[in-house]
Amino acid sequence: MEQSVVIQEGYARLKKTRALFIGGLLAALLILLGVAVTLGSADFTVAESYLAILAGLFPGTFTAPEMAEIIVWDYRLHRVLFAVCAGFGLAVAGSVMQGILRNPLASPFTLGVASAATTGASIAIVLGAGVVGGEYLVIGNAFLFALLAALAIYGMARYRGIGSETMVLAGIAIMYLFSAVTSLLQYVGSAEQLRAVVFWTFGSVDKSTWPKLAIVSLVLACTIPYLLYRAWDLNALAEGDEVAAGLGVPVERSMVVFMMIASLITAVIICFTGTIGFIGLVAPHITRMAIGGDFRTLLPASGLVGALLLLGADSIARSVLAPQVLPVGIVTAFLGVPFFIYLFMHRRNA
Amino acid sequence: MPRLSVEDLSFAYRDRQVLHAITFSVDAGEVLGLVGPNGCGKTTLIRCIDGMLSPGGGRVMLDGREIRTMHRREVAQAMAYVPQSAGNRTAATVFETVLMGRRPYLNWSVNRTDEEKVVAALDALDLGDLALRKVGELSGGERQRVMIARALVQETGAILLDEPTSNLDVCHQMGVMEVLRGLAEEKGLSIVIALHDLNLAATYCHRLMVMKAGAVYGYGAPDEVLTEEMLRTVYGIEAVVKRDLPAPYMVPIRPGSPRGGV
């Protein structure tokens, strides 16, 4: 066969593998969603859980026990969907950060965004101070501080000419600074406040509500299509600033826009969940190992991997010590780290 | 009219003047070698030509248009740039890495024509067998050919390369330079290459431009430029330039050694 045909067929196969991978993830996520909705201490069957969902969607056509409908719609469904959105968003943000900074360790955590959010939350919890009051005191502070950290990194990098190494270094410096502020607040806080801060850092989707889910999905719906639209620019930036510039990408402006979008996604999620680590770091790695680094497929696929990881971890967190619910951040680390190390070692051996 | 001309170009990093009134031009089908000691401004000059750095004075004209007035995407459609040690980071396949060269023309999806252009470029650089391998698994010489293939699918009239032969053995250095010279002559490309190896530059470039401390010291055919006087003044070394070979060839002499026998 002519070599050109072999090459093009090889590339077509690669594209097919990627499509299959995404399709498989989507199917797995749908199945897990179905299972996750049925998990919980209230005692009704899987069929009743599904009927409850359908009854809520098509009132009149389907009927379910009233209790099941209330529990599924008021307690479970938004939590499950929130875990999917949060996992998806954190993984996409991680992919973008790792790509443009060309650093496998880049994530909302290593760049100080999560650490800043914790400081914001701690100020609200310990000092009761914040930009917005009431119910949104902690959330508002976490969100603002996360964005503040992103702006600070950008400012520091900009001062000396923006570059990926500068951004990572600035991020690490920011992380230490905010960690110190959080420690200071914990030091001066009461035992009760300390407990609240520590619990916040565990991360969980316990506090999800339909309005919070709506906010997160809206941000994802506005940002992810844009990131996908600019997937080629992300591909070029992942190869280096000079390569990207040579291929016509406005490097500095793009870096800022991508960093800000990734930070916004992270901020809007972790302000509601607390610091759920690991997803943003690992989901992109797992996906790249499986299907390579083309952002056109990396973004949706790593988002789905993140959603699966977080939903899976949350399902385990809810069932392993039921009716007690473990913070999901602990489960993601316990399950995800060995899995990730296994994948990494396996790949190295291969 | 030359395809690429640089007129009176100067550049400063804050208060440190790096380039002083550089003027030269490159015709279609010509390979111009930029040579000079480390830190003489070769890389800065290449970045200024490609519009990545904004020169403080002077202008760069490409096909009659001033680079400064062009959109980055337009520049990328007219001039390709292969940076130093490009491709070291990529985890993508050779095919996808070269495909990225189509970025200035792509919106999102890749059509059949783009794929065919990639195949043709791979073929031109004898990379067909490696198309589906990861770039990270290739040797330095192969990787450098991948980067040139990527520049080729950008379908530009000019290509700038920053030390494409560093870290390569002599065989691969010659392989890369053969490819570039061949491309210039067959496709009428204008190629500017920053090089350290003076003998390699003299062998493969139509003209050489010698830079010293950010200014042009000499500019012309290798025979005219590569002289013992130039080596003494620009590099501070004693050397003999042999002229009985197809291209001038310089042999450095250790300080204090007798010149005889060279």
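## Strand 3 of chain B and its partners

Strand 3 of chain B pairs in the parallel sense with strand 8 (residues 190-194) of chain B over four bridges; two strands count as paired if DSSP finds at least two bridges between them. Strands here are DSSP runs of E with at least two residues, helices are runs of H or I with at least four residues, and both are numbered from the N terminus. In strand 8 of chain B, B:Ile193 is the bridge partner of B:Gly33. Strand 3 of chain B also pairs with strand 9 (residues 207-212) of chain B, again in the parallel sense and over four bridges. In strand 9 of chain B, B:Arg207 stands opposite B:Leu32.

This is a predicted model, in which local features need pLDDT of at least 70 and side-chain atom pairs count only at pLDDT 80 or more, while totals for chains, interfaces and linings use all residues. Residues are numbered from 1 along each chain as its sequence is written, and chains are lettered from A and ligands numbered from 1 in the order in which they are written.

Strand 3 (residues 31-35) of chain B is largely enclosed by the rest of the structure, because five of its five residues are buried. A residue is buried if 20 or more other C-beta atoms lie within 10 Å of its own, exposed if 12 or fewer do, and partly exposed in between, with C-beta atoms placed from the backbone. In a regular strand the side chains alternate between the two faces of the sheet. On one side of strand 3 of chain B, the buried residues are B:Val31, B:Gly33 and B:Val35; on the other they are B:Leu32 and B:Leu34.

## An open antiparallel sheet

Chain B has an open sheet of four strands in the order 2-1-4-5, with antiparallel pairing. Strand 2 (16-26) and strand 5 (65-66) of chain B are the edge strands, each pairing on one side only. Helix 1 (residues 42-49) of chain B packs on the sheet and touches strand 1, strand 2 and strand 4 of chain B. Two residues are in contact if their C-beta atoms, placed from the backbone, lie within 7 Å.

Strand 1 (residues 4-13) and strand 4 (residues 57-62) of chain B share five bridges in the antiparallel sense. B:Glu7 stands opposite B:Arg59 in strand 4 of chain B.

## Chain B as a whole

Chain B contains nine helices and twelve strands. Its radius of gyration is 19 Å, close to the 18 Å that the globule rule gives for 262 residues, so chain B is as compact as a globular protein of that length. The radius is taken over C-alpha atoms, and the rule is 2.2 Å times the number of residues to the power 0.38. Of the 262 residues in chain B, 45% are buried.

B:Val146 lies in helix 5 (residues 140-153) of chain B. B:Val146 is buried because 27 other C-beta atoms are within 10 Å.

## Helix 4 of chain A

The 15 residues of helix 4 (residues 113-127) of chain A should span 21 Å at 1.5 Å a residue, and the end C-alpha atoms are 21 Å apart, which agrees. The expected span is 1.5 Å times one less than the number of residues. Helix 4 of chain A is mostly covered, with 14 of its 15 residues buried. A:Gly128 follows helix 4 of chain A and has a positive phi, near 70 degrees.

## Where the chains touch

The contact takes 26 residues from chain A and 27 residues from chain B. Helix 1 of chain A gives the most to the side of chain A that touches chain B, with six residues.

Definitions and conventions. Axes fitted to C-alpha atoms, helices over the stretch in contact; angles between N-to-C directions.
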